[in-house]
Amino acid sequence: MEDRPDDVPLRIHVADLLVDQGDSAAALAHCSAALERDPGNAEALAVLSRAADRLRPDDGGERPDVTLSDVGGLEEVKRRLEASFLVPMRNPEMRRLYGRSLPGGLLLYGPPGCGKTFLARAIAGELGAGFYTVSLPDVLDMWVGSSERNLHGMS
Ligand SMILES: Nc1ncnc2c1ncn2[C@@H]1O[C@H](COP(=O)(O)OP(=O)(O)OP(=O)(O)O)[C@@H](O)[C@H]1O
Ligand SMILES: [Mg+2]
């Protein structure tokens, strides 16, 4: 993998094996790296979903103790989150219906430091859910030389 960081099928295969071995966090990072290179890759998304299903709180995630009441302002955003996501997820019946198959995701956008990550942690805190951060630098840092290769490819 170190020799072939851009080999997406290989990466997905490795991720698949890691899920089977119980290392969902590492599998997630590989899926994320595969999707960086090939956004929307269906196989990567399938393995990602399998890995996410098996994540355990002790896989490196955290259980945030912040909630939406800690998030200042953003009243309209919080209202929409409450109605479209938190209410269904809190209701056991609806949770079963939507549950893990809740399609798609939430896209938060805005300038650095405007509270996107903070809001995401607060959502996890509201649900008592685990929170996992996979950022681009995290992914790139794992593969020695690939950040440099990517930068070189852009110049
Ligand atoms: N609405 C808010 N209410 C309370 N604190 C906030 C709010 N927005 C930001 N903060 C504070 O600012 C810090 C930085 O915000 P955060 O890391 O969530 O930004 P971000 O949008 O994820 O930035 P980046 O794009 O760099 O990832 C948070 O940890 C939090 O302490
Ligand atoms: Mg952030």
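These legends walk through several close-up views of one predicted protein model.

A quick word on the ground rules: this is a predicted model, so local features need a pLDDT of at least 70, side-chain atom pairs count only at pLDDT 80 or more, and totals for chains, interfaces and linings use all residues. Residues are numbered from 1 along each chain as its sequence is written, chains are lettered from A and ligands numbered from 1 in the order in which they are written, and side-chain values use heavy atoms, with hydrogens and water left out.

View 1. The protein has 8 helices and 0 strands; helices here are DSSP runs of H or I with at least four residues, strands are runs of E with at least two, and both are numbered from the N terminus. Follow the sequence along and you get the pattern α-α-α-α-α-α-α-α. Of its 155 residues, 28% count as buried. In these legends, buried means under 20% relative accessible area, exposed means over 50%, and partly exposed sits in between (1.4 Å probe, protein chains only).

View 2. Among the elements, helix 1 (residues 8-20) has the highest mean, 96, while helix 7 (residues 136-142) has the lowest, 52.

**View 3. The surroundings of ligand 1.** Which residues surround ligand 1? They are Asp70, Val71, Gly72, Leu74, Pro111, Pro112, Gly113, Cys114, Gly115, Lys116, Thr117 and Phe118. To count as near, a residue needs one of its heavy atoms within 4 Å of the ligand. Sort this shell by type and you find 6 nonpolar, 4 polar and 2 charged residues. For that sorting, Ala, Val, Leu, Ile, Met, Phe, Trp, Tyr, Cys and Pro are nonpolar, Asp, Glu, Lys and Arg are charged, and the others, Gly among them, are polar.

**View 4. Zooming in on atoms beside ligand 1.** A backbone N or O atom of Gly72 lies 2.8 Å from a nitrogen atom of the ligand. Gly113 also brings in a backbone N or O atom, 2.7 Å from a ligand oxygen. Thr117 uses its side chain instead: one of its polar atoms lies 2.8 Å from an oxygen atom of ligand 1. On its own, ligand 1 has 640 Å² of accessible area, and the protein covers 56% of that. Such areas come from the Shrake-Rupley method with a 1.4 Å probe; for residues, only the protein chains shown count as cover.

View 5. Leu74 lies in the loop between helix 3 (42-54) and helix 4. Its phi is positive, about 50°, although Leu74 is not a glycine. Leu74 is partly exposed, at 39% relative accessible area.

View 6. Arg11 and Ala34 are 23 residues apart in sequence, with 6.4 Å between their C-alpha atoms.

**View 7. Two cysteines.** Cys31 is buried at 1% relative accessible area, whereas Cys114 is partly exposed at 37%. Searching the whole structure turns up 0 disulfides (pairs of cysteine sulfur atoms within 2.5 Å).

**View 8. Phe85 in helix 4.** Phe85 sits in helix 4 (residues 75-90) and is buried, at 17% relative accessible area. Ile123 is 38 residues away along the chain, and the two C-alpha atoms are separated by 9.2 Å.

Notes. A polar contact is a pair of N or O atoms within 3.5 Å; within protein, one must be able to donate a hydrogen and the other to accept it, and residues adjacent in sequence count only if both atoms are side-chain atoms. pLDDT is the predictor's confidence in each residue, from 0 to 100.
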